[in-house]
Amino acid sequence: MTVFAPTDADAVLDAVRWAAGEGAALEIVGGGSRRGVGRPVEAAHVLDLSGLAGVTLYEPEELVLSARAGTRLAEIEALLSASGQELAFEPMDHGPLLGGEPGKGTIGGVLAANASGPRRIKAGAARDHVLGVHAVSGRGEAFKSGGRVVKNVTGYDLAKLVAGSWGTLAAVTDVTFKVLPRAETEATLVLRGLSEADAAHAMAVAMTSTGEVSAAAHLPETVVGKVLDGRLPGWRGATLLRLEGFSPSVAYRFERLAALLAPTAAPERLEAEDSRLLWREIRDCIPFADGTERPVWRVSMAPSEGHHMVMALRMEAAVDAFYDWQGGLIWLRMEGDAEAAALRRHVAAHGGGHATLVRAPAHIRASVPVFEPQPEALAALSARVKAQFDPLNILNPGRMYR
């Protein structure tokens, strides 16, 4: 096995051209924090992009940041924080869930995974904030898309196509993201003791109110003790609603929202420091970061149907769960096998959605569809796109689909 460790874009181009000429497959890695997501890659060589590090442009007044793909996300977040800014889609750190160290993820990996966090219901995901990329296709051709300004609509938006492709279309060398001002403060409204059905109703009420809720989650009784070192009030669980902005605005909206939800349960308040830590733990799926390889699924579906699907699945399989995105994102940990067929059957029966196996031993990831199987027409389109970018199938072969 050969490990290519380029330190500039030209060296990446040389490595991919060599692989294309030899018909040799490459596994593309950065910090390695997401390496365990997807099917095991069927490649004899590794293209390690961690040496492509460093922020190349940061203009706070223009809300733009460019960096090489191997730049640690933690470094970028620290730089933005010093200027009172952030990546508004708050990308997840997969490291703790997959048994690795926190903070090793790279900005290129963020784009490859189309990562996001609890604020996705308001701000979107990485795809919605990327402005441009430089990359090398599986043909051994360097290309760029987009630019370094927020208003840029020239040509095909290949940056959004690369987002969520998990390194199967191109090896990204440089990325440019839009950044936004960070909220002055935040607070989380906590409702204790709601059932999953009542929590879904309360979150729906909150999201349709004037409270400008930026995150909504429900942690059932089995999960609530695993965040904030067990300091979060539990009973049968905790329903969480985050408010962000200027202090007077947060205080006013909190009181209005508390009054609206008072008939449901007595609202409690979690202040800024604990609120930020709590939502980071929800973002990174810390309740299931237990050091094991028990299968963990990430399911997205209609918020009104999520708890119904989980209840039906529990009648068939041993499963623990908690909810983000107002119930539209469900994190599931299976206590036994991956139960892929049963899970996808229940998701389909409750309006449809997408189920991705985020954590499992390699032999399970090799034997079940890790990503949601595509309808025939969409699968054919995906195959044509793959053939245009990587006709020899040398970039992360087998990672997304067999």
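Four bridges join β2 to β3, and the two strands run parallel. Two strands count as paired if DSSP finds at least two bridges between them. The helices (H or I, at least four residues) and strands (E, at least two) I name are DSSP runs, numbered from the N terminus. What you have on screen is a predicted model, where local features need pLDDT of at least 70, side-chain atom pairs count only at pLDDT 80 or more, and totals for chains, interfaces and linings use all residues. Residues are numbered from 1 along each chain as its sequence is written, and side-chain values use heavy atoms, with hydrogens and water left out.

Back to the β2 and β3 pair. V29 has D48 in β3 as its bridge partner. Helix α1 packs on this sheet and touches β1, β2 and β3; contact here means heavy atoms within 4.5 Å. The direction of α1 makes about 160 degrees with that of β3. For such angles, axes are lines fitted to C-alpha atoms, for helices over the stretch in contact, and the angles run from 0 to 180 degrees between N-to-C directions. The sheet itself is open, with three strands in the order β1-β3-β2 and parallel pairing. β1 (3–4) and β2 each have a single partner strand, so one side of each is left without a neighbour in the sheet.

Next, the five-stranded sheet. Its order is β4-β5-β9-β7-β8, it is open, and the pairing is antiparallel. The edges are β4 (55–59) and β8 (142–146); each has a single partner strand, so one side of each lacks a neighbour in the sheet. Neighbouring strands here are turned by 10 degrees against each other on average, direction ignored. Inside the sheet, seven bridges join β7 (residues 130–137) to β9 (residues 170–178), and V133 stands opposite V175 in β9. Helix α1 (residues 9–22) turns up again here, lying across β7, β8 and β9 at about 45 degrees to β7.

Now a single side chain, R34, in the loop between β2 (26–29) and β3 (45–48). What does the side chain of R34 reach at 2.7 Å? The backbone oxygen of M92. The side chains of R34 and H94 are joined by a polar contact of 3.1 Å. A polar contact is a pair of N or O atoms within 3.5 Å; within protein, one must be able to donate a hydrogen and the other to accept it, and residues adjacent in sequence count only if both atoms are side-chain atoms.

R34 is buried yet has no salt bridge, and the nearest side chain of opposite charge, D93, is 5.9 Å away. Buried means under 20% relative accessible area, exposed over 50%, and partly exposed in between, with a 1.4 Å probe and protein chains only. A salt bridge needs a side-chain nitrogen of Lys or Arg within 4 Å of a carboxyl oxygen of Asp or Glu. For charge, Lys and Arg count as positive and Asp and Glu as negative, while His and the chain ends are not counted. Leaving out residues up to four places away in sequence, R34 touches several others, including L98, W166 and R399.

Two backbone points. N114, between α3 (107–113) and α4 (120–123), is not a glycine but has a positive phi of about 50 degrees. W325, in the loop between β16 (319–324) and β17 (329–334), also has a positive phi of about 50 degrees without being a glycine.

Last, helix α11 (residues 340–349), where the buried residues are A340, A342, L343, R344, H346 and V347. Their cover includes α10 (303–314) and β18 (353–359).
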